[in-house]
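Please read it with the sequence and the 3D view open beside you.

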Amino acid sequence: QRERTLAMIKPDGLSGNYTEKIKEVILESGFDIVKEAVVHLDAERASLFYSEHSGRSFFDSLVMYMTSGPVLAMVLERPDAVLHWRVLIGPTDARKAKISHPNSIRAMCGLDSEKNCVHGSDSPQSAAREISFFFGDVRSDTVEHDE
Ligand code: CMP
């Protein structure tokens with residue numbers, strides 16, 4: 001069954017001009033790009049997006065990184081989209097990705113465990129939250145007319 005996930009090209013991915021290459025890989029892998037938006041997160045929004053990591057030692061640095069420039073948020077759709085996108089991007093630490101998953105997106109454009117170039121929702125529940133974070137309540141998709 002078709003499923004949606006939230007993909008994000010992080011500031012280093014956008015500034016490094018990886019967007020077109022990443023979109024090629026997305027489309028070749030059978031995803032449709034259903035929605036996309038370039039967004040410059042401020043510290044408050046970035047902290048909210050990553051609130052589950054708020055107690056971690058890397059949190060402040062992560063917020064700095066994610067606010068350092070615009071990101072490209074995309075809703076991707078295909079069967080088992082959440083799992084497939086996570087496989088395609090590879091491990092969180094791009095240095096490890098370059099060794100263990102050389103064909104992954106993070107191996108292509110990431111730098112280390114923080115500057116890893118792309119994000120993917122880790123579960124269908126996270127996908128629903130993250131899609132509505134960037135694109136609003138999904139139920140609004142079905143509303144076509146005001147009475
Ligand atoms: P992402 O998959 O978007 O989810 C959380 C992000 O936190 C992760 O990618 C990295 O950008 C960052 N992150 C995760 N682990 C570490 C770490 N050990 N050190 C620094 N940043 C990290």
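1. Cys-117 counts as buried because it has 25 C-beta neighbours inside 10 Å; a residue is called buried here if 20 or more other C-beta atoms lie within 10 Å of its own, exposed if 12 or fewer, and partly exposed in between, with C-beta atoms placed from the backbone. Cys-117 is found in the loop between α7 and β4 (118-120), and although Cys-117 is not a glycine, its phi is positive, at about 75 degrees. The helices (H or I, at least four residues) and strands (E, at least two) named in this note are DSSP runs, numbered from the N terminus.

2. A word on the source: this is a predicted model, in which local features need pLDDT of at least 70 and side-chain atom pairs count only at pLDDT 80 or more, while totals for chains, interfaces and linings use all residues. Residues are numbered from 1 along each chain as its sequence is written.

3. On confidence, the chain averages a pLDDT of 94, and 93% of the residues score at least 70, where pLDDT is the predictor's confidence in each residue, from 0 to 100. Residues 142-147 should be read with care, since over this stretch the pLDDT is below 50 and, beyond near neighbours in sequence, the stretch has 0 contacts in the model; two residues are in contact if their C-beta atoms, placed from the backbone, lie within 7 Å. The model scores ipTM 0.97 and pTM 0.93.

4. As to the overall fold, the secondary structure of the chain comes to 8 helices and 4 strands, and their order along the sequence follows the pattern β-α-α-β-α-α-β-α-α-α-β-α. Of the contacts in the chain with a separation of 6 or more, 67% are accounted for by residues 24 or more positions apart.

5. On dimensions, the chain has a radius of gyration of 15 Å, which agrees with the value near 15 Å that a compact globule of 147 residues would have; the radius is taken over C-alpha atoms, and the globule rule is 2.2 Å times the number of residues to the power 0.38. The C-alpha trace spans about 55 × 35 × 25 Å along its principal axes, and buried residues make up 32% of the 147 residues.

6. Which residues have the most contacts inside the largest nonpolar core? They are Met-8, Ile-105 and Val-118, in a core of 33 residues; such a core is a set of buried Ala, Val, Leu, Ile, Met, Phe, Trp, Tyr and Cys residues joined through C-beta atoms within 7 Å. Elements that each supply at least two residues of this core include β1 (2-9), β3 (71-79), α5 (81-89) and α8 (124-135), and β3 gives the most, with 6 residues. In soluble globular proteins, nonpolar side chains tend to be buried together.

7. Ile-105 deserves a look of its own: not counting residues up to four places away in sequence, Ile-105 touches Ile-22, Val-25, Leu-88, Ile-89, Gly-90, Cys-117 and Val-118.

8. Around the ligand are His-53, Phe-58, Leu-62, Thr-92, Ser-113, Glu-114, Asn-116 and His-119, a residue being near a molecule if its C-beta atom, placed from the backbone, lies within 6 Å of it. This shell divides into 2 nonpolar, 5 polar and 1 charged residues; Ala, Val, Leu, Ile, Met, Phe, Trp, Tyr, Cys and Pro count as nonpolar, Asp, Glu, Lys and Arg as charged, and the others, Gly among them, as polar. The C-alpha atom of Glu-114 is separated by 8.4 Å from that of Ser-61, 53 residues apart along the chain. Ser-61 is found in helix α4 and counts as exposed, because it has 12 C-beta neighbours inside 10 Å.

9. The loop between α1 (11-15) and α2 (19-28) holds Gly-16, which is partly exposed, with 16 other C-beta atoms within 10 Å. Asn-17 has its place in the loop between α1 and α2 and counts as exposed because it has 9 C-beta neighbours inside 10 Å; Asn-17 has a positive phi of about 60 degrees, although it is not a glycine.
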